[in-house]
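Hi there,

Here is the structure I promised to pass on. Have a look at it first, and my notes follow below.

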Amino acid sequence: MNPFIGETERDLASAVAEWSGTLIPRIPAAEKEGTLPRDVIAELGRLGVLGMTIPEADGGLGASAVAFALVLEELSAAWPSLAVGVAVNSGIVAGSVVRNGSAEQRRRWLPKLMDGNGLGAFALTEPTSGSDAASLRTTARVTEGGWRIDGSKQFITNARYAPFAIVLARVGELDPERTSAGITAFVVPLDTPGVSIGRPERKLGLRASDTSALVLEDARVAHDAVLGEVGKGFAIAMSGLDGGRIGIAAQSVGIARRSLELARAYAKERRQFGRPIADFEGLRFSIAKAESDLAAARLLALRAAWLRDRGRPFTREAAMAKLFASEMAQRATHAAVQIFGGNGYMRDYAVERYARDGRATTIYEGTSEIQRIVIARSLLAA
Ligand code: CAA
(Lines give C-alpha, C1' and ligand atoms only; values in the text may rest on other atoms or scores of the structure.)
Protein backbone atom coordinates (compact mmCIF):
# COMPACT_ATOMS: atom_id res chain seq x y z
CA MET A 1 0.00 0.00 0.00
CA ASN A 2 1.22 3.47 -0.79
CA PRO A 3 -0.86 6.64 -0.39
CA PHE A 4 0.67 8.31 -3.46
CA ILE A 5 -0.15 5.55 -5.95
CA GLY A 6 -3.44 5.20 -7.82
CA GLU A 7 -4.65 2.26 -9.88
CA THR A 8 -3.58 3.66 -13.28
CA GLU A 9 -0.10 4.30 -11.97
CA ARG A 10 0.16 0.83 -10.49
CA ASP A 11 -1.03 -0.72 -13.78
CA LEU A 12 1.50 1.22 -15.85
CA ALA A 13 4.31 0.26 -13.51
CA SER A 14 3.41 -3.42 -13.53
CA ALA A 15 3.18 -3.48 -17.34
CA VAL A 16 6.69 -1.99 -17.51
CA ALA A 17 7.93 -4.39 -14.81
CA GLU A 18 6.67 -7.34 -16.83
CA TRP A 19 8.25 -6.11 -20.05
CA SER A 20 11.58 -5.15 -18.50
CA GLY A 21 11.83 -8.58 -16.88
CA THR A 22 12.10 -10.05 -20.39
CA LEU A 23 15.28 -8.01 -20.99
CA ILE A 24 17.25 -9.56 -18.15
CA PRO A 25 18.94 -12.34 -20.19
CA ARG A 26 20.25 -9.71 -22.62
CA ILE A 27 21.81 -7.43 -20.00
CA PRO A 28 25.25 -9.04 -19.45
CA ALA A 29 26.11 -8.97 -23.18
CA ALA A 30 24.88 -5.39 -23.66
CA GLU A 31 26.80 -4.22 -20.59
CA LYS A 32 29.93 -5.90 -21.90
CA GLU A 33 29.49 -4.32 -25.29
CA GLY A 34 28.67 -0.93 -23.75
CA THR A 35 25.53 -0.17 -25.74
CA LEU A 36 21.77 -0.17 -25.35
CA PRO A 37 20.29 -2.34 -28.10
CA ARG A 38 18.45 -0.23 -30.68
CA ASP A 39 15.48 -2.60 -30.70
CA VAL A 40 15.00 -2.06 -26.96
CA ILE A 41 14.85 1.73 -27.45
CA ALA A 42 12.42 1.19 -30.34
CA GLU A 43 10.23 -1.03 -28.16
CA LEU A 44 10.18 1.61 -25.42
CA GLY A 45 8.90 4.00 -28.07
CA ARG A 46 6.21 1.57 -29.24
CA LEU A 47 5.09 0.92 -25.67
CA GLY A 48 4.65 4.66 -25.09
CA VAL A 49 7.20 4.75 -22.25
CA LEU A 50 9.40 7.33 -23.98
CA GLY A 51 6.45 9.70 -24.37
CA MET A 52 4.84 9.07 -21.03
CA THR A 53 5.71 12.50 -19.58
CA ILE A 54 4.64 14.32 -22.77
CA PRO A 55 1.08 15.72 -22.71
CA GLU A 56 -1.56 13.93 -24.77
CA ALA A 57 -2.03 17.11 -26.83
CA ASP A 58 1.60 16.71 -27.96
CA GLY A 59 1.17 13.04 -28.78
CA GLY A 60 2.41 11.55 -25.50
CA LEU A 61 0.71 9.56 -22.76
CA GLY A 62 0.39 12.53 -20.39
CA ALA A 63 1.08 10.30 -17.40
CA SER A 64 1.69 11.74 -13.94
CA ALA A 65 5.08 12.36 -12.36
CA VAL A 66 4.17 9.65 -9.84
CA ALA A 67 3.62 7.17 -12.69
CA PHE A 68 6.94 8.14 -14.28
CA ALA A 69 8.76 7.65 -10.97
CA LEU A 70 7.23 4.18 -10.62
CA VAL A 71 8.15 3.28 -14.18
CA LEU A 72 11.74 4.44 -13.63
CA GLU A 73 11.87 2.36 -10.45
CA GLU A 74 10.81 -0.71 -12.44
CA LEU A 75 13.21 -0.06 -15.33
CA SER A 76 16.03 0.48 -12.83
CA ALA A 77 15.19 -2.67 -10.91
CA ALA A 78 15.66 -4.55 -14.19
CA TRP A 79 18.36 -2.55 -15.94
CA PRO A 80 19.80 0.67 -14.47
CA SER A 81 21.68 1.61 -17.68
CA LEU A 82 18.46 1.62 -19.64
CA ALA A 83 16.63 3.52 -16.92
CA VAL A 84 19.07 6.41 -16.88
CA GLY A 85 18.75 6.81 -20.66
CA VAL A 86 14.97 6.98 -20.32
CA ALA A 87 15.17 9.28 -17.28
CA VAL A 88 17.22 11.83 -19.24
CA ASN A 89 15.19 11.53 -22.46
CA SER A 90 11.71 11.60 -20.97
CA GLY A 91 12.53 13.58 -17.85
CA ILE A 92 14.84 16.54 -18.23
CA VAL A 93 14.91 16.74 -22.05
CA ALA A 94 11.21 16.21 -22.79
CA GLY A 95 10.22 18.25 -19.73
CA SER A 96 12.35 21.22 -20.81
CA VAL A 97 10.82 21.22 -24.30
CA VAL A 98 7.26 20.78 -22.97
CA ARG A 99 7.61 23.60 -20.44
CA ASN A 100 9.64 26.05 -22.51
CA GLY A 101 9.16 25.20 -26.19
CA SER A 102 7.00 27.20 -28.59
CA ALA A 103 4.15 25.35 -30.32
CA GLU A 104 6.41 24.89 -33.35
CA GLN A 105 9.33 23.59 -31.25
CA ARG A 106 7.05 21.13 -29.48
CA ARG A 107 5.70 19.89 -32.83
CA ARG A 108 9.16 19.54 -34.23
CA TRP A 109 11.18 18.08 -31.36
CA LEU A 110 8.88 16.11 -29.07
CA PRO A 111 8.13 13.33 -31.61
CA LYS A 112 11.87 12.67 -31.81
CA LEU A 113 11.94 11.91 -28.09
CA MET A 114 9.20 9.31 -28.31
CA ASP A 115 9.51 7.62 -31.71
CA GLY A 116 12.03 5.07 -30.45
CA ASN A 117 14.75 6.12 -32.92
CA GLY A 118 16.91 7.58 -30.17
CA LEU A 119 17.14 9.13 -26.74
CA GLY A 120 17.55 12.88 -26.18
CA ALA A 121 20.54 14.44 -24.42
CA PHE A 122 21.00 17.34 -22.04
CA ALA A 123 24.32 19.14 -22.36
CA LEU A 124 25.09 21.26 -19.31
CA THR A 125 28.31 19.84 -17.80
CA GLU A 126 31.72 20.88 -19.15
CA PRO A 127 35.27 19.82 -18.33
CA THR A 128 35.62 22.82 -15.98
CA SER A 129 32.01 23.18 -14.80
CA GLY A 130 30.26 20.34 -12.99
CA SER A 131 28.72 21.25 -9.64
CA ASP A 132 29.29 24.94 -10.42
CA ALA A 133 27.09 24.64 -13.48
CA ALA A 134 26.72 28.40 -13.98
CA SER A 135 30.44 28.81 -14.70
CA LEU A 136 30.07 27.12 -18.09
CA ARG A 137 32.23 28.43 -20.94
CA THR A 138 30.38 27.37 -24.07
CA THR A 139 29.46 30.50 -26.02
CA ALA A 140 26.65 31.38 -28.40
CA ARG A 141 26.95 34.37 -30.71
CA VAL A 142 24.40 35.82 -33.09
CA THR A 143 25.31 35.40 -36.74
CA GLU A 144 23.48 36.27 -39.93
CA GLY A 145 21.20 33.24 -40.09
CA GLY A 146 20.98 32.41 -36.40
CA TRP A 147 23.55 31.42 -33.81
CA ARG A 148 27.09 30.10 -33.74
CA ILE A 149 27.89 27.83 -30.78
CA ASP A 150 31.40 26.91 -29.61
CA GLY A 151 32.44 24.85 -26.62
CA SER A 152 32.97 21.42 -25.10
CA LYS A 153 30.44 19.45 -23.11
CA GLN A 154 31.41 16.48 -20.96
CA PHE A 155 29.72 13.36 -19.53
CA ILE A 156 26.66 13.69 -21.76
CA THR A 157 24.24 10.82 -21.26
CA ASN A 158 22.76 9.44 -24.53
CA ALA A 159 25.03 11.58 -26.75
CA ARG A 160 25.53 8.65 -29.12
CA TYR A 161 21.80 7.90 -29.41
CA ALA A 162 20.50 11.45 -29.42
CA PRO A 163 18.61 13.08 -32.30
CA PHE A 164 19.30 16.39 -30.55
CA ALA A 165 20.72 17.80 -27.35
CA ILE A 166 19.61 20.73 -25.27
CA VAL A 167 22.84 22.70 -25.09
CA LEU A 168 23.40 25.37 -22.45
CA ALA A 169 25.62 28.17 -23.75
CA ARG A 170 26.48 31.68 -22.66
CA VAL A 171 25.30 34.68 -24.64
CA GLY A 172 27.39 37.78 -23.89
CA GLU A 173 30.31 38.14 -21.52
CA LEU A 174 30.59 36.31 -18.20
CA ASP A 175 29.46 38.50 -15.30
CA PRO A 176 31.55 37.29 -12.32
CA GLU A 177 28.90 38.68 -9.95
CA ARG A 178 26.05 36.77 -11.63
CA THR A 179 27.53 33.82 -13.47
CA SER A 180 24.15 32.38 -14.47
CA ALA A 181 23.21 35.54 -16.40
CA GLY A 182 23.25 35.14 -20.17
CA ILE A 183 23.07 31.35 -20.12
CA THR A 184 20.69 30.25 -22.87
CA ALA A 185 19.21 26.87 -23.82
CA PHE A 186 19.47 25.78 -27.46
CA VAL A 187 18.02 22.78 -29.25
CA VAL A 188 20.94 21.44 -31.29
CA PRO A 189 20.43 18.52 -33.72
CA LEU A 190 23.47 16.30 -33.42
CA ASP A 191 23.92 16.09 -37.16
CA THR A 192 24.62 19.84 -37.27
CA PRO A 193 27.97 20.48 -39.01
CA GLY A 194 30.53 21.39 -36.35
CA VAL A 195 29.05 19.05 -33.73
CA SER A 196 31.08 15.97 -32.92
CA ILE A 197 30.81 13.25 -30.31
CA GLY A 198 33.85 12.15 -28.31
CA ARG A 199 34.76 8.58 -27.49
CA PRO A 200 32.47 6.90 -24.95
CA GLU A 201 33.69 7.21 -21.37
CA ARG A 202 34.85 4.01 -19.66
CA LYS A 203 32.89 3.85 -16.44
CA LEU A 204 32.71 1.95 -13.14
CA GLY A 205 29.10 1.02 -13.85
CA LEU A 206 26.15 1.83 -16.11
CA ARG A 207 28.34 0.59 -18.92
CA ALA A 208 25.55 0.12 -21.47
CA SER A 209 24.48 3.72 -20.96
CA ASP A 210 26.30 6.12 -23.25
CA THR A 211 28.34 8.88 -21.61
CA SER A 212 30.32 10.90 -24.13
CA ALA A 213 31.72 14.34 -24.77
CA LEU A 214 30.04 16.71 -27.19
CA VAL A 215 32.22 19.20 -29.03
CA LEU A 216 30.73 22.22 -30.79
CA GLU A 217 33.03 24.07 -33.15
CA ASP A 218 31.39 26.79 -35.16
CA ALA A 219 28.11 24.88 -34.91
CA ARG A 220 25.39 26.93 -36.62
CA VAL A 221 21.76 26.75 -35.59
CA ALA A 222 18.80 28.89 -36.65
CA HIS A 223 17.28 31.67 -34.54
CA ASP A 224 14.43 29.36 -33.56
CA ALA A 225 16.84 26.96 -31.82
CA VAL A 226 16.55 29.04 -28.64
CA LEU A 227 14.44 27.29 -26.05
CA GLY A 228 12.55 29.80 -23.92
CA GLU A 229 14.16 33.23 -23.76
CA VAL A 230 17.72 34.30 -24.44
CA GLY A 231 19.50 34.59 -21.08
CA LYS A 232 16.96 32.46 -19.20
CA GLY A 233 18.55 29.09 -19.81
CA PHE A 234 19.97 28.54 -16.34
CA ALA A 235 16.51 28.53 -14.78
CA ILE A 236 15.43 26.04 -17.49
CA ALA A 237 18.35 23.81 -16.53
CA MET A 238 17.70 24.11 -12.81
CA SER A 239 14.00 23.41 -13.01
CA GLY A 240 14.76 20.53 -15.40
CA LEU A 241 17.14 19.15 -12.79
CA ASP A 242 14.46 19.46 -10.10
CA GLY A 243 12.36 16.96 -12.04
CA GLY A 244 15.41 14.90 -13.02
CA ARG A 245 16.31 14.46 -9.35
CA ILE A 246 13.00 12.73 -8.68
CA GLY A 247 13.94 10.36 -11.51
CA ILE A 248 17.34 9.59 -9.97
CA ALA A 249 15.69 9.05 -6.59
CA ALA A 250 13.34 6.57 -8.26
CA GLN A 251 16.29 4.95 -10.00
CA SER A 252 18.07 4.55 -6.67
CA VAL A 253 14.94 2.93 -5.21
CA GLY A 254 14.76 0.46 -8.11
CA ILE A 255 18.44 -0.47 -7.84
CA ALA A 256 18.25 -0.94 -4.06
CA ARG A 257 14.99 -2.87 -4.24
CA ARG A 258 16.24 -5.43 -6.71
CA SER A 259 19.56 -5.86 -4.85
CA LEU A 260 17.71 -6.54 -1.62
CA GLU A 261 15.25 -8.90 -3.32
CA LEU A 262 18.19 -10.90 -4.64
CA ALA A 263 19.90 -10.82 -1.24
CA ARG A 264 16.80 -12.06 0.59
CA ALA A 265 16.33 -14.95 -1.83
CA TYR A 266 19.99 -15.88 -1.53
CA ALA A 267 19.96 -15.66 2.26
CA LYS A 268 17.12 -18.16 2.44
CA GLU A 269 18.81 -20.58 0.12
CA ARG A 270 22.49 -20.36 1.14
CA ARG A 271 23.35 -22.63 4.08
CA GLN A 272 26.30 -22.26 6.44
CA PHE A 273 26.82 -23.79 9.90
CA GLY A 274 23.98 -26.18 9.15
CA ARG A 275 21.25 -23.62 8.47
CA PRO A 276 20.20 -20.92 6.01
CA ILE A 277 22.22 -17.74 6.56
CA ALA A 278 18.86 -15.93 6.80
CA ASP A 279 18.59 -17.43 10.30
CA PHE A 280 21.51 -15.35 11.57
CA GLU A 281 20.48 -12.22 13.40
CA GLY A 282 23.30 -10.05 12.04
CA LEU A 283 22.01 -10.62 8.54
CA ARG A 284 18.34 -10.31 9.52
CA PHE A 285 18.99 -6.92 11.12
CA SER A 286 20.93 -5.75 8.08
CA ILE A 287 17.99 -6.64 5.82
CA ALA A 288 15.43 -5.11 8.19
CA LYS A 289 17.28 -1.78 8.26
CA ALA A 290 17.95 -1.71 4.52
CA GLU A 291 14.29 -2.45 3.67
CA SER A 292 13.09 0.25 6.09
CA ASP A 293 15.38 2.82 4.48
CA LEU A 294 14.21 1.67 1.05
CA ALA A 295 10.56 2.24 1.99
CA ALA A 296 11.39 5.72 3.33
CA ALA A 297 13.28 6.60 0.14
CA ARG A 298 10.36 5.50 -2.04
CA LEU A 299 7.97 7.67 -0.03
CA LEU A 300 10.27 10.69 -0.39
CA ALA A 301 10.52 10.19 -4.16
CA LEU A 302 6.77 9.80 -4.52
CA ARG A 303 6.07 12.78 -2.29
CA ALA A 304 8.18 15.01 -4.55
CA ALA A 305 6.43 13.58 -7.65
CA TRP A 306 3.00 14.02 -6.02
CA LEU A 307 3.75 17.69 -5.27
CA ARG A 308 4.91 18.18 -8.83
CA ASP A 309 1.69 16.66 -10.18
CA ARG A 310 -0.25 19.22 -8.15
CA GLY A 311 1.75 22.16 -9.45
CA ARG A 312 3.23 22.78 -6.00
CA PRO A 313 6.90 23.73 -5.38
CA PHE A 314 9.05 20.62 -5.11
CA THR A 315 12.68 21.75 -5.49
CA ARG A 316 13.54 20.99 -1.87
CA GLU A 317 11.56 17.76 -1.76
CA ALA A 318 13.23 16.51 -4.97
CA ALA A 319 16.66 17.29 -3.53
CA MET A 320 15.77 15.51 -0.26
CA ALA A 321 14.50 12.48 -2.17
CA LYS A 322 17.59 12.34 -4.36
CA LEU A 323 19.96 12.79 -1.42
CA PHE A 324 18.34 10.17 0.79
CA ALA A 325 17.52 7.63 -1.92
CA SER A 326 20.93 7.70 -3.60
CA GLU A 327 22.79 7.32 -0.30
CA MET A 328 20.36 4.58 0.74
CA ALA A 329 21.18 2.80 -2.53
CA GLN A 330 24.89 2.77 -1.64
CA ARG A 331 24.18 1.10 1.69
CA ALA A 332 21.63 -1.33 0.25
CA THR A 333 23.73 -2.50 -2.69
CA HIS A 334 26.77 -2.97 -0.48
CA ALA A 335 24.70 -4.85 2.11
CA ALA A 336 23.50 -7.11 -0.71
CA VAL A 337 27.07 -7.81 -1.85
CA GLN A 338 28.00 -8.59 1.76
CA ILE A 339 25.14 -11.06 2.12
CA PHE A 340 26.27 -12.84 -1.05
CA GLY A 341 29.79 -13.01 0.41
CA GLY A 342 32.45 -14.09 -2.08
CA ASN A 343 29.79 -14.75 -4.70
CA GLY A 344 28.63 -11.12 -4.41
CA TYR A 345 32.02 -9.93 -5.59
CA MET A 346 31.83 -12.05 -8.73
CA ARG A 347 30.44 -10.88 -12.03
CA ASP A 348 28.25 -13.97 -12.32
CA TYR A 349 25.92 -12.48 -9.73
CA ALA A 350 23.87 -9.38 -10.55
CA VAL A 351 24.45 -7.75 -7.14
CA GLU A 352 27.99 -6.93 -8.25
CA ARG A 353 26.59 -4.89 -11.16
CA TYR A 354 23.91 -3.16 -9.06
CA ALA A 355 26.60 -2.02 -6.60
CA ARG A 356 28.63 -0.51 -9.45
CA ASP A 357 25.63 0.98 -11.25
CA GLY A 358 24.17 2.45 -8.08
CA ARG A 359 27.39 4.34 -7.33
CA ALA A 360 26.53 6.99 -9.92
CA THR A 361 23.33 8.04 -8.19
CA THR A 362 25.02 10.18 -5.54
CA ILE A 363 26.93 11.98 -8.29
CA TYR A 364 24.88 12.71 -11.41
CA GLU A 365 22.05 15.24 -11.61
CA GLY A 366 23.79 16.99 -8.70
CA THR A 367 26.04 15.38 -6.10
CA SER A 368 24.86 14.73 -2.54
CA GLU A 369 26.77 17.85 -1.54
CA ILE A 370 24.80 19.93 -4.08
CA GLN A 371 21.51 18.46 -2.80
CA ARG A 372 22.49 19.53 0.72
CA ILE A 373 23.18 23.05 -0.57
CA VAL A 374 19.78 23.19 -2.31
CA ILE A 375 17.98 21.89 0.80
CA ALA A 376 19.81 24.18 3.23
CA ARG A 377 19.29 27.26 1.05
CA SER A 378 15.59 26.59 0.87
CA LEU A 379 15.29 25.98 4.61
CA LEU A 380 17.42 28.90 5.68
CA ALA A 381 16.47 31.51 3.07
CA ALA A 382 16.09 34.97 4.58
N1 CAA B 1 14.36 26.45 -10.58
C2 CAA B 1 14.34 27.59 -11.31
N3 CAA B 1 15.31 28.53 -11.21
C4 CAA B 1 16.32 28.30 -10.36
C5 CAA B 1 16.40 27.13 -9.57
C6 CAA B 1 15.36 26.18 -9.71
N7 CAA B 1 15.36 25.06 -9.00
N8 CAA B 1 17.52 27.18 -8.84
C9 CAA B 1 18.13 28.33 -9.13
N10 CAA B 1 17.41 29.02 -10.05
C11 CAA B 1 17.69 30.34 -10.62
C12 CAA B 1 17.80 31.34 -9.47
O13 CAA B 1 16.53 31.85 -9.15
C14 CAA B 1 18.71 32.40 -10.05
O15 CAA B 1 17.97 33.23 -10.93
P16 CAA B 1 18.18 34.83 -10.93
O17 CAA B 1 19.63 35.04 -11.25
O18 CAA B 1 17.25 35.28 -11.99
O19 CAA B 1 17.83 35.28 -9.55
C20 CAA B 1 19.67 31.60 -10.91
O21 CAA B 1 19.00 30.34 -11.21
C22 CAA B 1 20.98 31.32 -10.22
O23 CAA B 1 20.70 30.58 -9.05
P24 CAA B 1 21.77 30.36 -7.92
O25 CAA B 1 22.31 31.69 -7.49
O26 CAA B 1 21.16 29.48 -6.91
O27 CAA B 1 22.92 29.61 -8.71
P28 CAA B 1 24.28 28.99 -8.23
O29 CAA B 1 25.32 29.30 -9.21
O30 CAA B 1 24.53 29.33 -6.79
O31 CAA B 1 24.04 27.39 -8.40
C32 CAA B 1 23.45 25.18 -7.75
C33 CAA B 1 23.12 26.69 -7.74
C34 CAA B 1 22.27 24.57 -7.01
C35 CAA B 1 24.74 24.86 -7.03
C36 CAA B 1 23.52 24.66 -9.22
O37 CAA B 1 24.69 25.11 -9.86
C38 CAA B 1 23.45 23.15 -9.32
O39 CAA B 1 22.38 22.57 -9.24
N40 CAA B 1 24.61 22.50 -9.55
C41 CAA B 1 24.63 21.08 -9.85
C42 CAA B 1 24.58 20.86 -11.32
C43 CAA B 1 24.02 19.53 -11.69
O44 CAA B 1 23.09 19.02 -11.06
N45 CAA B 1 24.53 18.96 -12.76
C46 CAA B 1 24.01 17.72 -13.27
C47 CAA B 1 24.34 17.63 -14.71
S48 CAA B 1 23.09 16.92 -15.70
C49 CAA B 1 23.14 15.27 -15.41
O50 CAA B 1 23.81 14.77 -14.57
C51 CAA B 1 22.21 14.46 -16.25
C52 CAA B 1 22.71 13.11 -16.58
O53 CAA B 1 23.34 12.95 -17.55
C54 CAA B 1 22.32 11.93 -15.79
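The interface of domain 1 and domain 2 holds one salt bridge by the rule (a side-chain nitrogen of Lys or Arg within 4 Å of a carboxyl oxygen of Asp or Glu). There is a salt bridge between the side chains of Arg108 and Asp224, at 3.8 Å from N to O.

Before you read on: this is a predicted model, where local features need pLDDT of at least 70, side-chain atom pairs count only at pLDDT 80 or more, and totals for chains, interfaces and linings use all residues. Residues are numbered from 1 along each chain as its sequence is written, and side-chain values use heavy atoms, with hydrogens and water left out.

So you can find your way around: the domain assignment (automatic or from a database) gives domain 1 (7–114), domain 2 (121–231) and domain 3 (235–380). The centres of domain 1 and domain 2, taken over C-alpha atoms, are 23 Å apart. In the contact (heavy atoms within 4.5 Å) are 25 residues from domain 1 and 20 residues from domain 2.

How much area do domain 1 and domain 2 bury between them? It comes to about 1,800 Å², with 68% of it on carbon and sulfur atoms. Buried area here is the accessible area (1.4 Å probe) that two parts lose on being put together, summed over both. Val93, Gln105 and Trp109 supply 26% of what domain 1 buries against domain 2, more than any other three residues.
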